[in-house]
Amino acid sequence: MKKAAVAAAVIGVLLGVWGYFYYSSPYDAARLVQCLPSDRALHLYLNVGLLRSGGILDLLAGSQGAEEADYKKFVEETGFNYRTDLDAVAAAFRDGDNYFAVQGRFQWNRLADYARSHQGSCQDAMCNMPASQPGKTISFGLVRRDVLALAVARDKQAARVIFPGLWREPPKIPTVAIWVSAPPYVFADAKNLPAGLGPFRTQLEHSRKNEFTLGPSQDPNKFELKMTVQCATPEDATKMAGQLTSVTELLKKMLERDKLRPSAADLSGVLVAGRFEAREEQVSGTWPIERKFIEALVSGKLE
C-alpha cells in the first residue's frame, strides 16, 4: 500500500510539473493553432507582431481617426485595442461557425462587464452575448492569462471547445506574417473563392493538403506569397506543377493578346509572376507581392 501511495504521489508531482510548464510556457504558432478544432476546417494564423512591424497592420486597419464609433466605444469599455494589445490570432472556420484563439493582453473583468452590458451573461469563467448575425452567439473565456478563446457560432458555449491540445498531425508553421491551411474541399465551389484562385481551383481541389503563407522577401519593399500543395504521388505533383505553369503562361498570352501590360499593383501582375516546382509529392509555388498591391487590395482599388 505504501509503495502504491508513493508511486501515486510521484505521478501526481510529475503531472503537476508537466502541467505547470505546459500551461505557463509561451505559446508559439503551432500551440495556438492546436487549441482549435482540427477536423474539416480551414485554419488561419496571423502573426500580428510581424504584420505590425511590416506596416501591413496599419494598411489593413487604416488610420485611427477613421475607426468606427462602435469600435472606439469597445476600446473604452474593455481596455483592449488590437493595434497595441494583440500579438497573434489563430482561427478555424467550419460549417459556418468561427473559432479563434487570440494571444495578447486582456483585462478579463472589463471584458466580462462588456458582455453583461450588451445583453450577455457570464458563468464559470465563460461569457456569451448576442452576435450581429441572426442565430449566432459570441462566447469567450480565458484559456490562460494571455490567450482568449472566442467563438461566433450557433452553439452558445462554442468557445469551450477551444483549449490546449495536440493534433494527430501537428501543423508546421514557419515564421511568417500569415499562414493558411485549406482542406481540398474548400476549393470545390468556385463561388466561395477569391477571384484570383479561379484558374487554379481544379488542381487544388484534388490535392491532399494546401498551405499558403505571406512573409517578407529579400526586397524590403516586397512580400512573398508561398503555396505548398501535398499530392498523393510524385507523378501527381509533377502533373500539377505543369498544369499550374500552363495556366500562368495562358494568362500571360491573354494579356499580350489584349495588349495589356501586367502591373504589380493589380492581380494580373501577381498571377503572371508565379513560379512552380515539384519535389517528390509536393508542389511549391511563389508569387512576389509588392506593397502597392496590398494598398490597392485594402483600399478597394484592386483591378
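Here is a short note on the sheet, the helices packed on it and some salt bridges in this structure.

1. A word on the model. The model is predicted, so to speak of a local feature takes pLDDT of at least 70 and side-chain atom pairs count only at pLDDT 80 or more, while totals for chains, interfaces and linings use all residues. Residues are numbered from 1 along each chain as its sequence is written, and side-chain values use heavy atoms, with hydrogens and water left out.

2. The sheet. Twelve strands form an open sheet with antiparallel pairing, in the order β4-β5-β6-β7-β3-β2-β1-β8-β9-β10-β12-β11. Its edge strands, β4 (121–123) and β11 (275–279), each pair on one side only. From one strand to the next, the twist averages 15°. Strands (E, at least two residues) and helices (H or I, at least four) are DSSP runs numbered from the N terminus, and two strands pair if DSSP finds at least two bridges between them.

3. Strand β6 (residues 137–144) pairs with strand β7 (residues 147–153) in the antiparallel sense, over seven bridges. Leu-142 has Leu-148, in β7, as its bridge partner.

4. The helices on the sheet. Helix α7 (residues 108–116) lies across β4, β5 (126–130), β6 and β7, and runs at about 35° to β5. Helix α9 (residues 234–257) packs on the sheet and touches β10 (222–230), β11 and β12 (282–290), with its direction at about 170° to that of β11. Contact here means heavy atoms within 4.5 Å; axes are lines fitted to C-alpha atoms, for helices over the stretch in contact, and angles run from 0 to 180 degrees between N-to-C directions.

5. Salt bridges. The whole structure has eleven salt bridges, each a side-chain nitrogen of Lys or Arg within 4 Å of a carboxyl oxygen of Asp or Glu. In one of them, Arg-144 meets Asp-146 at 2.7 Å, N to O. Arg-144 is buried, at 14% relative accessibility (buried means under 20% relative accessible area, exposed over 50%, and partly exposed in between, with a 1.4 Å probe and protein chains only).

6. Partly exposed partners. Glu-224 and Lys-226 meet in a salt bridge of 3.7 Å, N to O. Glu-224 is partly exposed at 23%, and Lys-226 is partly exposed at 40%.

7. Salt bridges link Lys-222, Glu-290 and Lys-292 in a network. Between Glu-290 and Lys-292, the closest N and O atoms are 4.0 Å apart. Glu-290 counts as partly exposed at 25% relative accessibility, as does Lys-292 with a relative accessible area of 43%.
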